[in-house]
Amino acid sequence: MSDEHRFSDDEVARILERAAARETDIASRAAGTGLTLAELQAVAVQVGIAPERIAVAAREVVAPNLTAKSSTFMGAPTSVARTVYTERRMSDDEWLQLVVLLRETFDAPGNVSAVGPLRSWTNGNLQIHEEPWADGFRIRMSTRNDLGVASALGVIFATLGSVMLLKVIPKANPAGIAIAGLFIAGGIGQIISIRLSIGRWGRTRAAQMEALAAQITRLLDSSRD
């Protein structure tokens, strides 16, 4: 990212919000027609925020979102992603500490791999990658839930029950109506159960990734001290 890129007021506020809790004080000094990265860093230094933190936060704000749109099932996300931008590649010791955190967080050993500067920890659909990005690095976390596919069974049962119901109602067949009702109830129950399960899963994974993002930032900051 070029030092001459000029940030809008909205970008300034978002960058400062990510960089420190004292963003209100800084934003009041930074408000105007736009600031370069160097100017923004100079303002932040006045209140004790490291220029490196501003650079990382700026990269997060202006970096294009390359993550595919999240698919959903009845409003619940079936995929979750979180990216952490860093100034440098993690050291081997820092990477090992991250692997330990990942194993503890997701209660899984996972598989570790490395190709050149690329490093990964994967466990099924759960993917964590460290990779070069722009003039720094990023740690990209993503996962997806395939339970939405299982909802097709519920749709099939509900549809079959509805078809049966339309056929038996004119005949006033109590047994047929009861069976059709069971199919419909079972199908709807399956769909609702899956929807609730995916919702819980999505909230849990999002919270886990957010906590990991904070831990990664603290880990890199502690190594800088």
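What follows is a working chat about a predicted model.

Colleague: How many helices and strands does the protein chain have?

Modeller: Seven helices and nine strands. Keep in mind that this is a predicted model.

Colleague: What share of the residues is buried?

Modeller: Buried residues make up 39% of the 225 in the protein chain. The accessible surface is about 12,400 Å², and 58% of that belongs to carbon and sulfur atoms.

Colleague: And the contacts between residues at least 6 apart in sequence, what share joins residues at least 24 apart?

Modeller: That share is 64% in the protein chain.

Colleague: On to the open sheet. What is the strand order?

Modeller: β5-β9-β8-β7-β6, five strands with antiparallel pairing. The edge strands are β5, residues 79–86, and β6, residues 111–115. Each of those two pairs on one side only.

Colleague: What does the twist average from one strand to the next?

Modeller: It averages 15°.

Colleague: Which helix lies across β6, β7, β8 and β9?

Modeller: Helix α5, residues 92–106. The helix runs at about 15° to β7. Strand β9 there spans 136–144.

Colleague: Let's take the hairpins. How many residues sit between β6 and β7?

Modeller: Two. G116 is in that turn, with a positive phi of about 60°. The two strands run antiparallel and are joined by five bridges. S113 stands opposite S120 of β7.

Colleague: Then β7 and β8, how many bridges?

Modeller: Five bridges, again in the antiparallel sense. Strand β7 covers residues 118–123 and β8 covers 126–133. This hairpin has two residues between the strands, and G124 takes a positive phi near 65°.

Colleague: Which residues stand opposite each other there?

Modeller: T122 stands opposite Q127 in β8. R119 has E130 of β8 as its bridge partner.

Colleague: R119 and E130 carry charge. How far apart are the closest N and O atoms?

Modeller: They are 2.9 Å apart, and the pair forms a salt bridge. E130 is in strand β8 and R119 in strand β7, eleven residues apart.

Colleague: Is E130 buried or exposed?

Modeller: Buried, with a relative accessible area of 1%. R119 counts as buried too, at 4% relative accessibility.

Colleague: What about R119 and D92, how far apart are the closest N and O atoms?

Modeller: 3.1 Å, in a salt bridge between R119 and D92. This pair links strand β7, which holds R119, with helix α5, which holds D92, 27 residues apart.

Colleague: Is D92 buried or exposed?

Modeller: D92 counts as exposed, at 54% relative accessibility.

Colleague: Which residues do the shared partners join into one network?

Modeller: D92, R119 and E130.

Colleague: How many salt bridges does the count come to?

Modeller: Six. One of them is between E210 and R82, where the closest N and O atoms are 3.0 Å apart.

Colleague: Why does that pair tie together separate parts of the chain?

Modeller: E210 lies in helix α7, residues 174–224, and R82 lies in strand β5, so the pair ties together parts 128 residues apart in sequence.

Colleague: Last one. What is the relative accessible area of E210?

Modeller: It is 42%, so E210 is partly exposed.

Notes:
Residues numbered from 1 in each chain as written. Predicted model: local features only at pLDDT ≥ 70, side-chain atom pairs only at ≥ 80, totals over all residues. Heavy atoms only, no water. Pairing = 2+ DSSP bridges. Helix = DSSP H or I, 4+ residues; strand = E, 2+ residues; numbered from the N terminus. Axes fitted to C-alpha atoms, helices over the stretch in contact; angles between N-to-C directions. Contact = heavy atoms within 4.5 Å. Buried < 20%, exposed > 50% of the residue type's maximum accessible area, 1.4 Å probe, protein only. Areas by Shrake-Rupley, 256 points an atom, 1.4 Å probe, with all protein chains shown as cover. Salt bridge = Lys/Arg side-chain N within 4 Å of Asp/Glu carboxyl O.
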